[in-house]
Amino acid sequence: MSLKRRLSGLGRHRNSGNGSCYPIVVLVFCSFLAPLIFFVGSSLYSSTSIDYNDFSTAPSKQDLDWRERLPLEHIKPSLTRQVFDVIKVSADGLGPFSLDSFRKKNLSASWKFVKEERLAKGNPNNAEGNKPIQIAAYVKTEISRGKHEDLVDDDHSQFLDTPAILARRQLRERRREKRAAALVKQDDEVTMKLENAALERSKSVDSAVLGKYSVWRKENENENTDSKVHLMRDQMIMARVYISIATMKKKLGLAQELQKQLKECRRALGEAISDADLTRSAHEKIKSMDQVLSKAKEQLYDCKLVTGKLRAILQSADEQVRSLKRQSTFLSQLAAKTIPNGIHCLSMRLAIDYYLFPPEKRKFPRSENLENPTLFHYALFSDNVLAASVVVNSTIMNAKEPAKHVFHLVTDKLNFGAMNMWFLLNPPGKATIHVENADEFKWLNSSYCPVLRQLESAAMKEYYFKGAHSTSLSAGSANLKYRNPKYLSMLNHLRFYLPEIYPKLDKILFLDDDIVVQKDLTGLWLVNLHEKVNGAVETCGQSFHRFDKYLNFSNPHIAKNFDPNACGWAYGMNIFDLKEWKKRDITGIYHKWQNMNEDRVLWKLGTLPPGLMTFYGLTHPLDKSWHVLGLGYSPSIDVTEIENAAVIHYNGNMKPWLELAMTKYKSYWIKYIKFDHPYIRSCKLSE
């Protein structure tokens, strides 16, 4: 071909000549070949109907400019049909080519500029010979292997993509697709976040319409959460708000209509706590209230006013809750102090029968065991016949050798006959029991006992018996627990006089009447107290129940003698070494502190605070499994802990013989009562 021959000639001339031929080659290329290629591409793209076969007639079909027509006439012999196909396919969709776009390098991704090596080694000092020349290297194409074989000539190989170039192009495409997918995913996540945020914001916007009263409560989303009851209560609250606003704005007709609907809703709701408790008319009442509230909202709604009214209702409800809590405390304290009718009946019947009983039959057997220090002795001070019977029965039933156990029971004059009669009719098997009257202890008088002297003082009588100290139920609830009659009874203070009551005993186990024994207790007599007087279970496993909870450390006598963080311990099951007691004069220590507390400046009333002070530094801690407390006030005691305990203690107001006892713990107590007993059955005591 002519173009090939020209290029070959140029190559031969370049090889045979000197370095001066280099500018000629550049001039020929820039002035003829580069514009020729772009004009051809532009002409081919501008008329897609031009075919290679009718290429010679293209100027007649299209009124081409002479600048385009002249190179087309000379290019036909130089380029094959395959080259034109490549140019046409590669230029598809790129728009018309122009020399201006080439000069501005505004080319598509299909064009690349590569650096050609210098055509000839020129003079190193020649600046023109050192410049890299950029040319259009190739046009993107996709050709089958057959076409590729047709273009094996070296002159046409510059229009083909190499495998490395195709691989790079495919890698770029995969990267673009991956990036696009990541952007789409990111857009989806952002959209989701925006939608969720919009949903959250919509909950704070009032979207209720006339005829529909909506309350945003989680309970209303679930049909199984008594939604009607909750909705009616909310409607009643909003009705109260709008009644107040309507009255303030002189819209009395609307206020009367709201008041009427409020009364009907209250009547329909009644004492219902679930949807099943509602009457059939409740649904109609809800609809009627909806309509009235929507009407009131349209006429009266003011955000500031409604907020203020709701805040006032909330404050009023808080005051009512506090008042009810105080009343509840008062009533629970009152219930804890009362004796149930069944127990009172039992005591009266037993007392009557005791005094009708022949005197010669009122003696208990095995009285010789009462002063035998080698046996296991118990001290029990109680005025409750039923409670004392549970303590004795549970101890004997769980004892390995009942014959070695001796019970010393002390009560008051009122219950002395009943207590004797019960154990005469129901003896504790082979164990020994003895009942005494505290009023017959001649040594127990006001000259010896500070508590008796204080109870006889005018200040103490006024504190306990004068009604002016409280004007309402709630006002007296704070100090009611300290006015419990048990603090007036010497039965509660006899625990500080054990050596006086049992002078010939070495050790004794003290038991409260609100405990239940579940295991054999003889192991307590074998515990080494390490020259301490009192063996007890400590109660300060956590931050509470330490000395500062019971004693007034603002008093210098308390602050100087005791550690506020010292661990408290439990009364109710205590093993006492009476020999060490006498040696250390424990009763004298108790009298000292009791005399100093005549005005109740060291502690409030009770026996645990003076016990902590009296036995301070003289108490040996027992394993906690011996004694588990809290069954009279705590609902969260572990069942396993209860069942593994040797003694469980119903300390607190919820005693097991009261109606307010916790049902989950009551079974441990009632299983030691014989409900088929004639006295118990006649007094209607039941499980």
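Colleague: What is the handedness of the link of C540 and C567, going by the angle about the S-S bond?

Modeller: The link of C540 and C567 is left-handed, with -110° about the S-S bond. Before we go on, this is a predicted model, in which local features need pLDDT of at least 70 and side-chain atom pairs count only at pLDDT 80 or more, while totals for chains, interfaces and linings use all residues. Residues are numbered from 1 along each chain as its sequence is written, and side-chain values use heavy atoms, with hydrogens and water left out.

Colleague: How many disulfides does the rule give?

Modeller: A disulfide here is a pair of cysteine sulfur atoms within 2.5 Å. By this rule the count comes to two. One joins C540 to C567, with an S to S distance of 1.6 Å. The other is formed by C345 and C683, whose sulfur atoms are 2.2 Å apart.

Colleague: Where do C540 and C567 lie?

Modeller: Let me start with how elements are named: helices (H or I, at least four residues) and strands (E, at least two) are DSSP runs, numbered from the N terminus. C540 lies in the loop between β8 and α21 (547-550), and C567 in the loop between α22 (556-561) and β9, so the pair ties together parts that are 27 residues apart in sequence.

Colleague: And where are C345 and C683?

Modeller: C345 is in helix α14 (residues 341-356), and C683 is in the segment after α28 (678-682). This pair links distant parts of the chain, 338 residues apart. The link of C345 and C683 is left-handed, with -75° about the S-S bond. If you number the bonded cysteines of the protein in sequence order, the pairing reads 1-4, 2-3.

Colleague: Which of these cysteines are buried, and which are partly exposed?

Modeller: The general idea is a scale: buried means under 20% relative accessible area, exposed means over 50%, and partly exposed is in between (1.4 Å probe, protein chains only). C540 counts as buried at 12% relative accessibility, and C567 counts as buried at 19%. C683 is buried too, at 7%, whereas C345 counts as partly exposed at 21%.

Colleague: Let us turn to the sheet. In what order do its strands run?

Modeller: For the general idea, two strands pair if DSSP finds at least two bridges between them. Here seven strands form an open sheet in the order β5-β4-β3-β6-β9-β8-β10, and the pairing is mixed. β5 (432-437) and β10 (619-621) stand at the edges, each with a single partner strand, so one side of each is left without a neighbour in the sheet.

Colleague: Which strands does helix α15 touch?

Modeller: Contact means heavy atoms within 4.5 Å. By that rule, helix α15 (residues 385-397) packs on the sheet and touches β3 (376-381), β4 (405-411), β5 and β6 (507-511). For directions, axes are lines fitted to C-alpha atoms, for helices over the stretch in contact, and angles run from 0 to 180 degrees between N-to-C directions. The direction of α15 makes about 175° with that of β4. Helix α16 (residues 416-425) also packs on the sheet, touching β4 and β5, and its direction makes about 170° with that of β5.

Colleague: How many salt bridges does a search of the whole structure find?

Modeller: A salt bridge is a side-chain nitrogen of Lys or Arg within 4 Å of a carboxyl oxygen of Asp or Glu. The search finds 11. Among them is the one between R176 and E173, at 2.1 Å from N to O. R176 and E173 both lie in helix α9 (residues 163-202), three residues apart, about one turn of the helix. R176 counts as partly exposed at 46% relative accessibility, and E173 counts as partly exposed at 36%.

Colleague: Which helices hold K285 and E264?

Modeller: K285 forms a salt bridge with E264, the closest N and O atoms being 3.4 Å apart. K285 lies in helix α12 (residues 282-300) and E264 in helix α11 (residues 252-269), so the pair ties together parts that are 21 residues apart in sequence.

Colleague: Which residues are linked with E580 in a network of salt bridges?

Modeller: E580 is linked with K583 and R584 in that network. E580 is buried, with a relative accessible area of 11%, whereas R584 counts as partly exposed at 35%.
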